[in-house]
Amino acid sequence: MLQTSDNKIHVANNMMDMDQDPRKRLCFADGRRKVDYVLVYHYRKRSSVRGSPSQHRLSIISNGSYPLGVEEKDQEGRKDEPAEVVVDVGPPDPADGEKIMIREEFEGNLKDAGLEIEHDKENKAHGHAFIRLHAPWQVLSREAEFLKIKVPTKKSYELREEKGLAATMNEVWRKLNQPFQPKVPHQEQEHSRTKFLSHCFSRDKLHLYNIKSKDTFFDNATRSRIVYEILRRTACTRTCQTMGITTLIANGVYDSAFPLHDGDFHPSGQAEGKNDRQLLHDEWARYGAFYKYQPVDLIRKYFGEKIGLYFAWLGVYTQLLIPASVVGIIVFFYGWATVETNIPSQEMCDEDQNFTMCPLCDRACDYWHLSTACGTARASHLFDNPATVFFAIFMSLWAAMFLEHWKRRQISLNYSWDLTGMEEEEEHPRPKYETILLQKRQRKKKNTKNKNEPERGVDESGELGKDKWRQRLLSAMAAGNPTGHEKLTWRDRLPGYLINISSILFMFGVTCSAVFSVIIYRITISALMAMSSDPEVKSNVRVTVTATAVIINLVVILILDEIYGMVAAWLTELEIPKTETNFEERLILKAFLLKFMNAYAPIFYVAFFKGRKLKKLCRTLKDKERAPKEIVEQPGRRQQWHLDYDLEPFDGLTPEYMEMIIQFGFVSLFVASFPLAPLFALLNNVIEIRLDAKKFVTELRRPDAIRAKDIGIWYNILSGLGKFSVIINAFVISFTSDFIPRLVYQYMYSETGTMHGFINHTLSYFNVSNFKPGTVPSISSLGKDITFCRYKDYREPPWSTEPYQFSKQYWSVLAARLGFVILFQNLVITMSMLVAWVIPDVPKNISEKLKKEKTLLVDVFLNEEKEKLQLIQSLFSRDLTQEQQEELNVSDQTSLPLHQTQPGPHPPTSSPAPRTRPRAASFSQFTRQMSMSPQSNITQHTAV
């Protein structure tokens with residue numbers, strides 16, 4: 001820890017100077033070392049003792065208020081300076097003392113891992129203490145190499161410049177898109193023609209990377225991710241588990257752990273001096289920026305790849321809703337333009353036809369004319385017209401194109417974010433899994449001990465002592481590796497599986513019961529209002545019943561939605577998943593199944609008015625009311641870690657994905673019933689993107705930057721919904737609309753080949769004398785001379801030999817409906833497969849860039865190896881040349897008299913060593929020629 005100039009302990013100040021540099025709010029007290037992560041715990045004191053901390057050193061348990069290892073350094077400098085020290089002389093709860101020792105051990109292990117720690121002074125009776133963590137360059141470089149983090153190198157190449165018509169079109173499109181691009185400084189560099197190669201970080205190849213400053217080489221998100229990996233794997237033997245910070249938070253040792261935001265999100269007034277959080281707030285998290293593209297690269301840089309992929313997917317989905325909305329509006333206006341020329345609607349509204357319809361209920365309901373339903377018929381034509389079939393086929397193909405487009409976009413992002421070739425990281429077990437596994441091991445050990453106890457004698461005290469120490473040793477070893485050879489089997493999870501199946505079936509029954517109850521309510525209220533003597537009540541039956549039923553259904557769905565979310569989490573815990581990924585996937589699957597039934601059972605529940613908007617609005621209002629109160633209570637908490645701790649913790653992306661997946665289901669499944677669904681979804685998403693952006697930037701703590709190559713199980717759910725939508729739309733068109741009956745009538749039963757007479761063809765006759773006793777209308781305003789009334793169905797008339805039985809027309813229409821379902825499914829699925837086959841998953845330019853970069857990286861490393869080899873050879877040849885020169889000088893001196901007396905040839909008289917020297921000299925000459933060759937110059941030029 002830090003020390004002041006007068007050799008006193010330096011304690012971090014909780015109060016921020018208003019003139020302090022905002023960047024120093026993210027650093028240690030020295031203003032240099034960056035805070036990469038923050039741990040928070042709750043402390044409680046009982047009394048204070050005046051004196052030196054060293055006087056009470058043996059009688060207290062350190063609770064982290066003093067930096068570890070500082071007392072020894074400062075004892076001599078503070079011998080004669082008494083100070084008031086708050087000591088914990090015996091916590092009221094023994095668990096608090098245990099937590100203190102666990103924290104000390106854990107923080108000691110963090111120091112052993114290389115992290116630097118700074119503590120707050122505990123100057124209150126109780127409260128929250130903050131521990132700041134900093135990772136120096138040695139730790140960052142070591143962990144970056146272990147995690148295989150890709151970083152840009154010095155080697156670059158120029159991208160191929162497009163020419164001709166494609167270049168002109170791209171330039172025009174870029175200029176048209178310029179007003180919609182966010183103003184992000186580094187985004188201009190990304191559109192340059194120069195591309196730097198990326199490679200996994202290695203401490204042996206630091207010369208390859210453009211390291212201008214070791215403090216800024218790794219961005220804040222990468223630094224926090226590295227520190228989180230250390231926190232997650234650091235062991236604490238007191239917990240008898242291998243996991244680090246997740247286990248300690250679950251056991252209450254720490255309250256929370258989070259990385260810091262990059263300062264305040266309010267703009268500072270200087271555009272070039274804005275931090276990433278301010279840029280995101282100004283260019284992304286404002287409703288005024290709704291028309292701009294999302295700065296996806298900046299989102300990924302700040303929040304990590306997993307959250308970046310979510311917002312990229314949401315942006316692609318929203319963009320592709322634009323053509324779907326345009327086509328839906330065209331279909332709607334086509335129905336509106338053709339409503340006046342629609343023959344079935346004209347026949348229903350024609351009062352001269354005088355179709356007398358049968359009563360809708362017993363006794364209380366009267367006969368009625370079909371012309372009174374004219375408004376309903378004209379309104380239904382807006383959504384039920386021949387263009388609806390085309391729109392259903394279009395939306396099925398749209399779903400396939402959306403998935404294919406997202407796959408291409410995902411691969412492009414993987415390339416630009418250096419995620420290609422990323423290996424799956426090994427995950428640590430969840431705390432709940434380790435706890436249950438530990439309990440299983442203890443039960444197993446206890447059973448073994450009970451089995452062996454009867455066999456032991458009293459005379460085996462020495463052996464008992466040895467076994468006791470042996471068991472302790474094995475327990476300690478097991479605490480360090482609890483899951484090495486032992487794991488939970490299906491027998492351990494069988495009760496959870498059984499409860500899961502039965503509970504999900506029960507919840508399905510609850511949903512169906514809720515829908516059935518609403519139906520019963522509609523029937524009952526309709527009958528009661530129809531029996532009323534007030535004519536105004538009778539005239540408003542349909543509107544009143546529909547409105548109240550929708551409200552009741554909405555309330556039921558909101559209640560069940562919250563219940564199902566908690567039930568899904570509880571059922572997932574019963575399955576005891578081993579890792580967080582397994583837990584998340586199983587939770588998502590259960591929550592989707594339950595919420596799928598809850599949302600889609602009542603089809604009239606529209607996605608745009610889902611209750612999550614109401615919940616978000618309530619949460620926003622609650623935060624606004626709570627914020628001033630916190631500032632009044634704690635006016636001094638101005639440091640960044642205090643401000644971030646007051647924010648809401650990040651709970652994952654499951655609620656955000658779930659909301660959009662349910663909406664995608666409404667857009668794709670029931671689009672044949674409501675062509676304007678894509679338009680409402682588009683309007684919702686424009687607001688949703690900014691709402692989520694504001695929540696992430698201003699309301700939530702900064703999430704841990706997690707690497708991810710795709711959106712995970714959500715893609716499989718989207719693909720399943722896309723295939724399921726084909727079946728649903730086929731049945732909706734066939735059995736809930738008049739499209740098939742109109743085709744059958746026009747081509748099989750119409751005498752003129754037109755739709756004239758279609759309404760009369762679809763209405764059957766009923767003899768009023770066949771009413772059961774007590775079901776005849778008690779009061780009839782249409783008179784008592786009614787002999788026959790009509791109802792919509794294909795049945796034989798009363799004068800037929802088989803009255804009221806299904807007619808031939810019924811079976812013809814049913815066969816046509818089933819045939820249409822089969823034809824529609826096969827046609828659309830075939831076309832979807834064709835679309836998926838035609839559109840390649842990997843864009844052509846991306847595949848070319850990957851091949852080129854791979855070749856360039858191989859050349860870089862080959863050239864580097866050649867330079868190393870040449871350097872070794874030159875050093876070796878230089879040494880040999882020096883030795884040879886020295887030996888030649890010696891031999892010349894010794895042979896000089898002999899050479900003067902004998903001028904003839906001098907025979908070799910030395911050992912075989914001189915014969916090897918010419919070879920070494922020739923080899924050194926060869927290497928010198930290699931080093932002076934043009935190829936060597938090229939190698940030096942291309943090497944990084």
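How do helix 13 and helix 24 run relative to each other, roughly parallel or roughly antiparallel?

Modeller: Keep in mind that this is a predicted model. Two packed helices are described by the angle between their axes and the distance between the axes, so let's begin with those. The axes of helix 13 and helix 24 come within 10 Å and cross at roughly 170 degrees. Anything over 145 degrees counts as roughly antiparallel, and therefore helix 13 and helix 24 are roughly antiparallel to each other. On the helix 13 side, the contact is made by Val-389, Ala-392, Ser-396, Ala-399, Phe-402, Leu-403, Trp-406 and Lys-407. Helix 24 brings Tyr-715, Leu-718, Ser-719, Gly-722, Val-726, Asn-729 and Ile-733 to it. Sort the residues of this contact by type and you get ten nonpolar, four polar and one charged.

Both helices turn up again around helix 27, which covers residues 808-838. Helix 13 (386-416) and helix 24 (713-735), along with helix 25 (739-749), are among what covers the buried residues of helix 27. Those buried residues are Val-813, Arg-817, Phe-820, Val-821, Phe-824, Gln-825, Val-828, Ser-832 and Val-835. With its 31 residues, helix 27 reaches 45 Å from first C-alpha to last, close to the 45 Å expected at 1.5 Å a residue.

Helix 22 is mostly covered, with 15 of its 16 residues buried.

Thr-318 has a relative accessible area of 9%; buried means under 20%, so Thr-318 is buried. Leaving aside neighbours within four places in sequence, Thr-318 is in contact with Leu-682, Asn-685 and Ile-689.

Now for some strands. Strand 1 (residues 37-44) has six of its eight residues buried, so strand 1 is largely enclosed by the rest of the structure. Strand 1 pairs with strand 5 (residues 126-134) in the antiparallel sense over eight bridges, and there Val-40 stands opposite Phe-130. Strand 1 also pairs with strand 8 (residues 256-258), again in the antiparallel sense, over three bridges. In that pairing, Val-38 stands opposite Phe-258.

Methods. Residues numbered from 1 in each chain as written. Predicted model: local features only at pLDDT ≥ 70, side-chain atom pairs only at ≥ 80, totals over all residues. Heavy atoms only, no water. Buried < 20%, exposed > 50% of the residue type's maximum accessible area, 1.4 Å probe, protein only. Helix = DSSP H or I, 4+ residues; strand = E, 2+ residues; numbered from the N terminus. Expected span 1.5 Å × (residues − 1). Contact = heavy atoms within 4.5 Å. Axes fitted to C-alpha atoms, helices over the stretch in contact; angles between N-to-C directions. Parallel < 35°, antiparallel > 145°, perpendicular 65-115°, else oblique. Nonpolar A, V, L, I, M, F, W, Y, C, P; charged D, E, K, R; others polar. Pairing = 2+ DSSP bridges.
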